Amino acid sequence: LLKINSETELAVIEMGASHHGDIKELVDIALPNYGLVTNVGKAHLLGFGSFEGVKNTKGELYDYLRRTSDKVFINVDNPHLCQMASERNLQSDPERPYSLLIPYGLDYQGAEVLPSSPEHPFLRISFPSEGKVVETNLVGSYNADNVMAAVAVGQQFGVTFDEAAAAISAYMPSNNRSQMVRTGRNTLIVDAYNANPTSMEAALKNFASLQAESKAALLGDMLELGEDSLAEHIRIASMALESGIGTVCFVGGEFRQALEQLHNPSALSFLTSAELAEWLSANPISESSVLIKGSRGTRMEKVIEKL
């Protein structure tokens, strides 16, 4: 923040949180004029205590902007975000003569995610109102909300739709986030930067719908879930095993406990990603689409060189 000077036109500040009060502390430092909560999911439940705790903490950004009469970008297709805004009277505040919300959303704007295929494996969004299709290099329909947010913010600050579409199309994901990597043997969907039950479910559903002759999912533990951890790992493990994905491998002690509860000793389970990498050396996967996802602590990227 100290790099902001009189020549700075816009500053985009990411605010991360893992405990109640984190966002309040950050907004009091940054003093934002606009705010955007991209999503609320079951992440860092150990620190937040519950999903309601996640919503309350992220809502601290809305609390600040309501006090200052500034603007909130909001995905109005998301019922959780709408509830958070409604609870704070952001949609209609009689003390202020204008709306505090800048709405966006796939349904709200009549946009549509186009089906993926081997010829078009990346996310594509049709905007009938613009007569255009926005192409991306992102994997997964769950990234559509991020694209819609980017367009909304850009347009608020004078970026035309065509300029926004060109910038989105040129963006190449990195750092193990929503990357598609083609090796000599397989096509990898690498989303191993982090994981929580919400993002894991979205990734699995997207991967299950992918058209491919052979598929494998390599899933690492979802960390920092507190007392919800076992139940969420059981739910995700069940979903993965019932998804129709040909090969499913689990990494970590949390998934191992979940499989014990499911009485599924035949499931492929490894305590570390290094153990899975050794197994892949002896049992190579070829000519397949492979999803790799897990929390940062599981280091799922270690298996990439074996694929």
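Me: Where is the place of Ser-288 in this structure?

Reply: In this predicted model, Ser-288 sits in the loop that connects helix 11 (273-282) with strand 12 (289-293).

Me: Is Ser-288 buried or exposed, and which residues does Ser-288 touch?

Reply: A residue is taken as buried when its relative accessible area is under 20%. Ser-288 has 7% relative accessibility and therefore counts as buried. Leaving aside residues up to four places away in sequence, Ser-288 touches Arg-185, Asn-186, Thr-187 and Ser-214.

Me: Which residues lie nearest the centre of the second largest pocket, and which elements give two or more residues to its lining?

Reply: The second largest pocket has a lining of 17 residues, and Arg-182, Thr-187, Gln-211, Ala-212 and Ser-289 are those nearest its centre. Two or more lining residues come from each of strand 7 (179-182) and strand 8 (187-191). The space in this pocket is about 230 Å³.

Me: How should I read a sheet, and what is the order of the strands in the open sheet of three strands?

Reply: Strands of a sheet pair through backbone hydrogen bonds, in either a parallel or an antiparallel manner. Here the open sheet of three strands has the order 4-5-6, and its pairing is antiparallel. Strand 4 and strand 6 are the edge strands, each pairing on one side only.

Me: How many bridges join strand 4 to strand 5, and how many join strand 5 to strand 6?

Reply: Strand 4 (residues 112-113) is joined to strand 5 by two bridges; within strand 5, Ile-125 is the bridge partner of Val-113. Four bridges join strand 5 to strand 6 (residues 132-135), and Glu-135 in strand 6 is the bridge partner of Arg-124. Strands 5 and 6 form a hairpin with four residues between them, and Gly-131 in the turn has a positive phi of about 65°.

Me: Which residues of strand 5 are buried on each side?

Reply: In a regular strand, side chains alternate between the two faces of the sheet. Strand 5 (residues 124-127) is covered on both faces: Arg-124 and Ser-126 are buried on one side, Ile-125 and Phe-127 on the other.

Me: Which strands does helix 7 lie across, and which of its residues are buried?

Reply: Helix 7 (residues 161-170) lies across strand 5 and strand 6, and runs at about 30° to strand 6. An α-helix has 3.6 residues a turn, so residues three or four places apart point the same way. In helix 7 the buried residues are Phe-161, Ala-164, Ala-165 and Ile-168. Viewed down the axis of helix 7, these residues fall within an arc of 100°, so they line one face of the helix. Their cover includes strand 5, strand 6 and helix 6 (144-156).

Me: Which residues are buried in helix 10, and what covers them?

Reply: In helix 10 (residues 253-261), the buried residues are Phe-255, Ala-258 and Leu-259. Down the axis of helix 10, they lie within an arc of 100° and so line one face of the helix. Among the elements covering them are strand 9 (215-220), helix 9 (229-241), strand 10 (247-251) and strand 11 (268-270). Just after helix 10, His-263 adopts a positive phi of about 55°.

How values were computed
Residues are numbered from 1 along each chain as its sequence is written. This is a predicted model: local features need pLDDT of at least 70, side-chain atom pairs count only at pLDDT 80 or more; totals for chains, interfaces and linings use all residues. Side-chain values use heavy atoms; hydrogens and water are left out. Buried means under 20% relative accessible area, exposed over 50%, partly exposed in between (1.4 Å probe, protein chains only). The arc is that of the directions from the helix axis to the C-beta atoms. Contact means heavy atoms within 4.5 Å. Two strands pair if DSSP finds at least two bridges between them. Axes are lines fitted to C-alpha atoms, for helices over the stretch in contact, and angles run from 0 to 180 degrees between N-to-C directions. On a 1 Å grid over the protein atoms alone, a cavity is a set of points where a 1.4 Å probe fits but cannot get out, and a pocket is an open set with protein on both sides within 12 Å along at least five of seven lines; lining residues have an atom within 4 Å of a point. Grid points are joined across faces, edges and corners, and a volume is the space filled by probe spheres set on the points.
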